Each structure stands twice: as structure tokens, then as C-alpha cells.
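Here are my notes for anyone opening this one for the first time. Have a look at the model, then go through the points in order.

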Amino acid sequence: HTAGRSMNPIAKAFELIAAVAFLTAGCGKTDKDGVIVKELSSKEAVGHLEQVYRSADQATQQQVKAVIAAEKAQDYERAVMGVMVLQSTSAQASFDQAQALQAMMSSLQREIVDGVDRSDPKALRAAQLLKASASGNR
């Protein structure tokens, strides 16, 4: 579209769905032999995240709790931002923690795609955040 004109809402939704679908492509979990295994459900991803961060410092545990609360409230934008914060501090994260963050992000991305399909405004905002972060425009 051209500058100054707003994009058709249907075209905008399609663009967001395509961006999130692109971001989630190839996010499958693999076993030690590189074989793709099933994605974790939201509940499994939350449980795994809680488990691997159980012994983390207080501030990190608070961030994990905030991500989980946001996911449960379907506040996708806040949940995605929380995962991004945890990923940005992943230099101190264990391998299991990094995997749990990836599983949580994949789970959130699937929820966002479903929400965008339903025209959920929270999902649309989160999809825009993901699109901006993928293009480096945070």
C-alpha cells in the first residue's frame, strides 16, 4: 500500500497471519537424533517452563510467573514480551531453560495464529509485535 492510505483490514489480517505462520515454521521440537517430535501444548509448555525455572533467582522466577499469568489471561502481547525478555537474558540460561522458552514461544505463536483467525484484537497486537521483532523494529 502507499503511504498515507490505510490497509484493508482483511489484507492486514492476512499479512499478520502470514507473518506469524512464517515465524512459527520450523519451530518443531527435535529429539537427540534430530527427529521432529510433537509440539508441546500450552499446558505442557507452561509446566515445562515452571519446572526448569524452579531453581532460578527470584527476579527470573517473577518474570516466568508474569509470562504464565499473561498466557493464561490470553494477554499474548505481554506473554510474548516476557518470553523475549527471558530469551534476552539466555546467556545465563541452561540448555533446558532455552528449550522451555522456545517451546513457550512456539505455543504462544500457535495461540496467536488461532486468535488472528478469530480476529482477536489481543492476538492481532501480538502478531504485530512478532512481525516487528522479526524485522528488527522493536
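1. Start with Arg125, which counts as partly exposed at 39% relative accessibility; buried means under 20% relative accessible area, exposed over 50%, and partly exposed in between, with a 1.4 Å probe and protein chains only. Arg125 sits in helix H6. Its C-alpha atom is 10.0 Å from that of Arg78, a residue 47 positions away along the chain.

2. A word on where this comes from: it's a predicted model, in which local features need pLDDT of at least 70 and side-chain atom pairs count only at pLDDT 80 or more, while totals for chains, interfaces and linings use all residues. Residues are numbered from 1 along each chain as its sequence is written, and side-chain values use heavy atoms, leaving out hydrogens and water.

3. Now the overall layout. The chain has 6 helices and 2 strands, taken as DSSP runs numbered from the N terminus (helices are H or I, at least four residues; strands are E, at least two). Reading from the N terminus, the order is α-β-β-α-α-α-α-α. Of the 138 residues, 33% count as buried.

4. How do H4 and H6 sit relative to each other? The axes of H4 (residues 76-88) and H6 (residues 121-134) come within 7 Å and cross at roughly 30°, and the two helices are therefore roughly parallel (angles under 35 degrees count as such). On the H4 side the contact (heavy atoms within 4.5 Å) includes Tyr76, Val80 and Met84, and on the H6 side Lys122, Arg125 and Leu129 are among the residues involved. The residues of this contact divide into 8 nonpolar, 1 polar and 3 charged; Ala, Val, Leu, Ile, Met, Phe, Trp, Tyr, Cys and Pro count as nonpolar, Asp, Glu, Lys and Arg as charged, and the others, Gly among them, as polar.

5. Next, helix H2 (residues 42-52), where Ala45, Val46, Leu49 and Val52 are buried. They lie on the same side of H2, because they cover an arc of only 140° around the axis, judged by the directions from the helix axis to the C-beta atoms. The buried residues of H2 pack against H3 (58-72) and H5 (95-117).

6. Finally, check two loop residues. Gln74, in the loop between H3 and H4, has a positive phi of about 55° although it isn't a glycine. Gln74 is partly exposed, with a relative accessible area of 40%. Ser119, in the loop between H5 and H6, is also a non-glycine residue with a positive phi, near 60°.

Key: Axes fitted to C-alpha atoms, helices over the stretch in contact; angles between N-to-C directions. Parallel < 35°, antiparallel > 145°, perpendicular 65-115°, else oblique.
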